[in-house]
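The sequence and structure are shown first.

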Amino acid sequence: MKRNHIIITGLSYLLLTAGAFIVLFPLLWMLSTALKQPAEIYSLSLIPAVPTFQHILDVFNKTLFGSWLLNSLIVAVISTASVAFFDTLAGYVFAQFTFRAKQFIFIVILSTLMVPTEMLIIPWFLLSDMVGWVDTYMGILFPGLITAFGIFLMKQFMESIPRDLLDAARIDGMGEWGIWLKIAIPQVGGAITTLCLLNFLSSWNSYIWPLIVSVTPEKLTIPVGLAYFSNENGDRSNWVLSMAGSSISVLPLIILFLIFQKQIIRGITLTGLR
């Protein structure tokens with residue numbers, strides 16, 4: 001029995017290692033290409049013969065990568081802060097209050113998840129053009145300031161908070177804003193962290209809508225900017241710079257995951273109070 005357990009455990013680790021390598025291989029290839037000399041970018045080796053960081057410096061010197069990085073950061077941070085506030089507040093209302101047409105409104109909100117983004121692009125653009133949001137931060141931001149998925153997620157977590165706990169706070173004279181902020185929010189901190197990280201990732205990688213609503217190169221986000229630069233002309237140097245820019249663009253996401261991975265796992269596994 002012990003021998004079989006050792007064999008099964010060894011095979012499990014072997015399969016997990018192989019799967020991890022398959023998943024990480026594109027990232028490793030991208031990083032390797034970014035550090036290679038132009039003459040060896042078609043080499044099959046993952047380790048550059050003579051590593052160079054010149055391509056990373058050229059990304060900032062030869063492109064508007066600094067502006068694209070700042071634009072993506074502004075959009076992702078504001079969008080995430082808005083989602084954390086509004087989705088948490090809406091989830092709390094739907095979970096802890098009873099009012100007329102509550103279920104109908106909630107179903108209408110959930111039904112928007114079934115509408116493909118491609119069908120909403122034209123209405124979004126017409127609205128942006130009408131109010132003057134084309135080629136502005138607000139034009140990129142407004143579709144993601146509040147999300148149906150976030151409302152649904154926060155409602156599910158908020159429902160796990162005992163009503164007796166909230167009623168005790170009301171008896172002590174605490175207002176609803178105080179209850180939401182000081183009692184409800186701490187109980188679902190893991191879920192909020194997970195929601196924020198998922199939203200930041202989605203906003204950072206968003207491509208279709210920023211591509212349509214942004215006009216000038218200075219207002220592009222990182223995914224659109226890198227695509228714009230790589231398609232400008234097809235020479236080898238541009239491809240290497242695209243790999244270097246892509247490598248830089250994934251670093252914030254990797255850092256966030258490494259910092260908050262415990263909160264992500266806790267937010268997924270927990271369903272309310274410890």
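In this predicted model, helix α9 buries Gly178, Ile179, Trp180, Ile183 and Ala184. Among the elements that cover these buried residues are α3, α7 and α8. The length of α9 can be checked against expectation: at 1.5 Å a residue, its 12 residues should span 16 Å, and the end C-alpha atoms are 15 Å apart, so the two values agree.

The surroundings of Tyr92 can be listed in detail. Beyond residues up to four places away in sequence, Tyr92 touches Phe97, Met158, Leu166, Arg170, Glu176, Ile179, Trp180 and Ala184. Three of these partners, Ile179, Trp180 and Ala184, are among the buried residues of α9.

Is Lys36 buried or exposed? Its relative accessibility is 0%, and because buried means under 20%, Lys36 counts as buried. Lys36 lies in the loop between α1 and α2 (54–62). Apart from neighbours within four places in sequence, its contacts are Trp29, Ile41, Ser43, Ser45, Pro48, Thr52 and His55.

Ala39 is found in the loop between α1 and α2 as well, but with 73% relative accessibility Ala39 counts as exposed. Between Ala39 and Asn4 there are 35 residues in sequence and 50 Å in space, taken from C-alpha to C-alpha.

**A nonpolar surface patch**

Phe21, Ile22, Val23, Leu24, Phe25, Leu28 and Leu31 make a nonpolar surface patch of about 650 Å². Leu28, one of its members, is placed in helix α1 (residues 2–35). Leu28 counts as partly exposed because its relative accessibility is 37%.

The accessibility values given above are collected here.

| Residue | Relative accessibility | Class |
|---|---|---|
| Leu28 | 37% | partly exposed |
| Lys36 | 0% | buried |
| Ala39 | 73% | exposed |

Definitions and conventions. Residues numbered from 1 in each chain as written. Predicted model: local features only at pLDDT ≥ 70, side-chain atom pairs only at ≥ 80, totals over all residues. Heavy atoms only, no water. Patch = residues over 30% accessible without salt bridge, like charges linked within 9 Å, V, L, I, M, F, W, Y side chains within 5 Å. Areas by Shrake-Rupley, 256 points an atom, 1.4 Å probe, with all protein chains shown as cover. Salt bridge = Lys/Arg side-chain N within 4 Å of Asp/Glu carboxyl O. Helix = DSSP H or I, 4+ residues; strand = E, 2+ residues; numbered from the N terminus. Buried < 20%, exposed > 50% of the residue type's maximum accessible area, 1.4 Å probe, protein only. Contact = heavy atoms within 4.5 Å. Expected span 1.5 Å × (residues − 1).
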